[in-house]
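Please find below my note on the model you sent, arranged as numbered points. I would be glad if you read it beside the coordinates.

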Amino acid sequence: MTSFDTSPQLNVWRALLALAVVFVMLATTGWTALRNQREAGPLQASLESWTHGRLHGDRLPDPDTAPTRLTHFFASLTSQERVRLAQRYPLAVGNMNGAPVALRYQANRLALLQARTVERARMHDARLTPAGQQEAGRRMHRFEALTAPDRHILAFDPEGSGRVAEVFGDLAAAERVSVVVPGVDTDVLTFQRTHRSYSAPVGMAQALYRAEREASPSTRTAVIAWADYTAPAGLGIDSATAMRAENGAVRLNALVRALPGTSPVSLFCHSYGSVVCGVAAHRLPGRVADIAVAGSPGMRASDASHLRTTARVWAMRDADDWIQDVPYLEVGGLGHGADPVSSAFGARVLSARGADGHAGYFEPGTESLLNFAEIGIGAYRSVHCAHEDEACRAGLSGTATAGRA
């Protein structure tokens, strides 16, 4: 399941902490080399092609330039010119922060169709093992499902285990934007599930979007299922360090800075996703009004003030969530720091009643999901606190259309 969902491996995670000195040595040698190693996959190839491309004889802008400059570039084009670029460089345009949202949807659909064709051929590739052919089949079916007309794919990269982000609602017209940041074992194949659907990013985002609409039908909202970073696989070295979170934080920051409009943004970060949000916090733009974490192993900070963010920081944990047994400390780069629901951390602690363990925070009918929805629409005075003193609502005001209180 998504994000630290198998507690039997918890002792392995603890053992990694106990071997901190050894791992610190590795972190300064082999891990650093691994982190800096970059291979040219399909997305990189598309970006390289873009950098050498021209339109009417003029060079195309640097894809890594500021999103505002790219926005101006695309605004200067005709609709036919924009479509031509999406068709010629689908992966580049589909992942380009600053490109129009609707154009990214269109480009990513083309990229998914191309990736589907590749995987269909791999299904019958005699050089692959039967297991490899079977995985190719699973990927082919996933890519095909993501091309459905009602899917709005904001980002897609087929390289490795894959990255993807999907939008629910009208992102360009939204008055409030929510971003769901999932944790461990998130990839293109686990992006959506049939069994225990609300433990996967698509199910999480769909549930939050519906809950926000129910809480305030008049508020225009959009929710992003954001699996556009390379998450750790299982409870191993990667999940015990911030290496994956550091890269994810860069990508999360880039996403938020490129979102259309100026509407408030709320981040909902589950399990290792809360590590990503914690690392990203100090660089996020001011439009990020809330960072809410659930089932967190820590946010790489000793308290909320050390996150260095103007966003409100919320935290929740179900009483049956095994993540509470993780050592809340950081030693030599291992571990993720203080417990976000502890009184000393200083977050606004919310009720997670009904969540049922580590993977149930987005289940419909739970107080955890209702709290997320109230935050997502800005109805801060309506949230349910974890403690009777209702300290989590102290000093707040908020209605369904409120911004930062």
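1. Basis of the note. This is a predicted model, in which local features need pLDDT of at least 70 and side-chain atom pairs count only at pLDDT 80 or more, whereas totals for chains, interfaces and linings use all residues. Residues are numbered from 1 along each chain as its sequence is written, and side-chain values use heavy atoms, with hydrogens and water left out.

2. The chain as a whole. The protein chain holds 14 helices and 10 strands, where helices (H or I, at least four residues) and strands (E, at least two) are DSSP runs numbered from the N terminus. Of its 405 residues, 55% are buried; here buried means under 20% relative accessible area, exposed means over 50%, and partly exposed lies in between, with a 1.4 Å probe and protein chains only. Among contacts (heavy atoms within 4.5 Å) between residues at least 6 apart in sequence, 69% join residues at least 24 apart.

3. Helix H13. All of helix H13 (residues 272-280) is buried, 9 of the 9 residues, so this helix is largely enclosed by the rest of the structure. The buried residues include Tyr272, Cys277 and Ala280. What covers them includes strand S5 (176-181), helix H11 (237-240), helix H12 (243-258), strand S7 (265-270) and strand S8 (288-294).

4. S7 and S8 run parallel and are joined by 6 bridges, two strands being taken as paired if DSSP finds at least two bridges between them. Within this pairing, Ser266 stands opposite Asp290 in S8. Together S7, H13 and S8 make a right-handed β-α-β unit, right-handed meaning that, with the strands pointing away from the viewer, the path from the first strand over the helix to the second runs clockwise. S8 also runs parallel to strand S9 (residues 312-316), with 5 bridges between them, and Ala292 stands opposite Trp314 in S9. Since 7 of the 7 residues of S8 are buried, S8 is, like H13, largely enclosed by the rest of the structure.

5. Strand S4 and its antiparallel partners. In strand S4 (residues 163-169), 6 of the 7 residues are buried, so the strand is largely enclosed by the rest of the structure. Strand S3 (residues 153-157) runs antiparallel to S4, and 4 bridges join the two; the partner of Phe156 is Val164 in S4. The hairpin of S3 and S4 has 5 residues between the strands, and in it Gly160 takes a positive phi near 60°. S4 also pairs with strand S6 (residues 221-227) in the antiparallel sense, over 6 bridges, with Val167 opposite Ile224 in S6.

6. Strand S6. For S6, 7 of its 7 residues are buried. In a regular strand the side chains alternate between the two faces of the sheet. Here Thr221, Val223, Ala225 and Ala227 point one way from S6, while Ala222, Ile224 and Trp226 point the other way, and all are buried. S5 and S6 run parallel and are joined by 5 bridges. The chain passes from S5 through helix H10 (residues 201-215) to S6, and this β-α-β crossover is right-handed.

7. Arg151. This residue lies in the loop between helix H9 (130-146) and S3. Is Arg151 buried or exposed? Arg151 is buried, with a relative accessible area of 15%. Its side chain makes a polar contact with the side chain of Glu166 at 2.5 Å, a polar contact being a pair of N or O atoms within 3.5 Å, of which, within protein, one must be able to donate a hydrogen and the other to accept it, while residues adjacent in sequence count only if both atoms are side-chain atoms. Leaving aside neighbours within four places in sequence, Arg151 is in contact with Ala145, Leu146, Glu166, Phe191, Gln192 and Val202.

8. Leu128. Leu128 is found in the loop between helix H8 (101-122) and H9, and is partly exposed, with a relative accessible area of 24%. Leaving aside neighbours within four places in sequence, Leu128 is in contact with Arg122 and Gln133.

9. Contact between H6 and H8. In this pair, Arg82, Val83, Ala86 and Gln87 in H6 meet Leu103, Gln106, Ala107 and Leu110 in H8.
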